[in-house]
Amino acid sequence: MTFYQEITQDEVLDRSKILTRQMKKEINPYEEANTHPNGELLDTFSRGRVAIFIDGSSLFYAALQLGIEIDYTKLLCLLTAEAPLLRAFFYTGVDPINDKQQGFLLWMRRNGYRVVSKDLIQFPDGSKKAKLDVEIAVDMMTLAGCYNTAVLVSGNGDLAYAVDAVSYQGVRVEVVSLRSMTSDSLINVADLYIDLAGIKEQIQKIFPSESS
């Protein structure tokens, strides 16, 4: 796959519908893997307009734990689940001299994602990080009147207050993350929690050697 493949927004939505129907034949995480506390299946058609907020760093480390590489086209389709999509945000720290990462982010921008980035900061221990909690929280709250359901891909408990705040504005919030990396405080304020381990087969990248 080339990083420079460009498709229109309508094509993204068409692909989303096709891939979602294909994946539903295997498992629909909103119907089979998740229920209300009383056991009643969730109504996937009451989600209204959806906005997706992905913490890139959190998802990257979750994928490492699961031993998979994320297929971001499949991920977008699954999280949208045929609902009208307002926007899919991808928040990440960037290394300006990393050409491979720059190519990946260009592909993301041209394939349905709005990339929000911040330069990585190197710490004394040699690690590089970029915290984007504030950006995620601000976007969730600023756009709260424009969407009905927020899908937050993160396990960061620092976002619990923002989730609670948009919930009081009538927004439904779904949290998607790896359970071992997810704060209980975030799960407690969400309307729905989905463990990435339960949907990893639907979002992992399949390489030619694996499908043969």
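**A chat about the model**

Visitor: Where is Glu-82 found?
Guide: Glu-82 is found in the loop between α3 and β2. Helices (H or I, at least four residues) and strands (E, at least two) are DSSP runs numbered from the N terminus.

Visitor: What is the phi of Glu-82?
Guide: Phi is near 70 degrees, a positive value in a residue other than glycine. Ala-81 also has a positive phi, of about 50 degrees, although it is not a glycine. Ala-81 is found in the loop between α3 (72-80) and β2 (85-94).

Visitor: Is Ala-81 buried or exposed?
Guide: Ala-81 counts as buried, because its relative accessibility is 12%. Glu-82 counts as partly exposed at 30%. The cut-offs are under 20% relative accessible area for buried, over 50% for exposed, and partly exposed in between (1.4 Å probe, protein chains only).

Visitor: What kind of model is this?
Guide: This is a predicted model, in which local features need pLDDT of at least 70 and side-chain atom pairs count only at pLDDT 80 or more, while totals for chains, interfaces and linings use all residues. Residues are numbered from 1 along each chain as its sequence is written, and side-chain values use heavy atoms, with hydrogens and water left out.

Visitor: What does the protein average in pLDDT?
Guide: The average is 81, and 76% of the residues score at least 70. pLDDT is the predictor's confidence in each residue, from 0 to 100.

Visitor: Where is confidence lowest, and where highest?
Guide: Helix α1 (residues 9-24) is lowest, at a mean of 47, and strand β6 (residues 149-153) is highest, at 98. Over residues 1-9 the pLDDT is below 50, and the model gives this stretch 18 contacts beyond near neighbours in sequence. Residues 31-43 also stay under 50, with 18 contacts beyond four places in sequence. A contact means heavy atoms within 4.5 Å.

Visitor: OK, the overall build. How many helices and strands?
Guide: Nine helices and eight strands. The protein has 212 residues, and 47% of them count as buried. Among contacts between residues at least 6 apart in sequence, 65% join residues at least 24 apart.

Visitor: How many salt bridges does a search of the whole structure find?
Guide: Six. A salt bridge here is a side-chain nitrogen of Lys or Arg within 4 Å of a carboxyl oxygen of Asp or Glu. One of them pairs Arg-47 with Glu-174, with the closest N and O atoms 2.9 Å apart. Arg-47 lies in the loop between α1 and β1 and Glu-174 in strand β7, so the pair ties together parts that are 127 residues apart in sequence.

Visitor: Is Arg-47 buried or exposed?
Guide: Arg-47 counts as buried, at 1% relative accessibility. Glu-174 is buried too, with a relative accessible area of 0%.

Visitor: Which residue forms a salt bridge with Lys-205?
Guide: Glu-69 does, with the closest N and O atoms 3.3 Å apart. Lys-205 is in the loop between α8 (200-203) and α9 (208-211) and Glu-69 in the loop between α2 and α3, 136 residues apart. Lys-205 is partly exposed at 28%, and Glu-69 counts as partly exposed at 42%.

Visitor: What about Glu-135?
Guide: The side chain of Glu-135 meets that of Lys-118 in a salt bridge (3.0 Å, N to O). Glu-135 is in helix α5 and Lys-118 in strand β3 (residues 114-119), 17 residues apart.

Visitor: Switching to α6. Which residues are buried there?
Guide: In helix α6 (residues 160-167), the buried ones are Ala-160, Ala-162, Val-163, Ala-165 and Val-166. Their cover includes α5 (133-142), β6, β7 (172-177) and α7 (184-189).

Visitor: What does Met-141 touch?
Guide: Not counting residues up to four places away in sequence, Met-141 touches Ala-162, Ala-165, Val-166 and Gln-169. Met-141 is found in helix α5. Met-141 and Ala-165 are 24 residues apart in sequence and 7.5 Å apart in space, C-alpha to C-alpha. Met-141 is partly exposed, with a relative accessible area of 38%.
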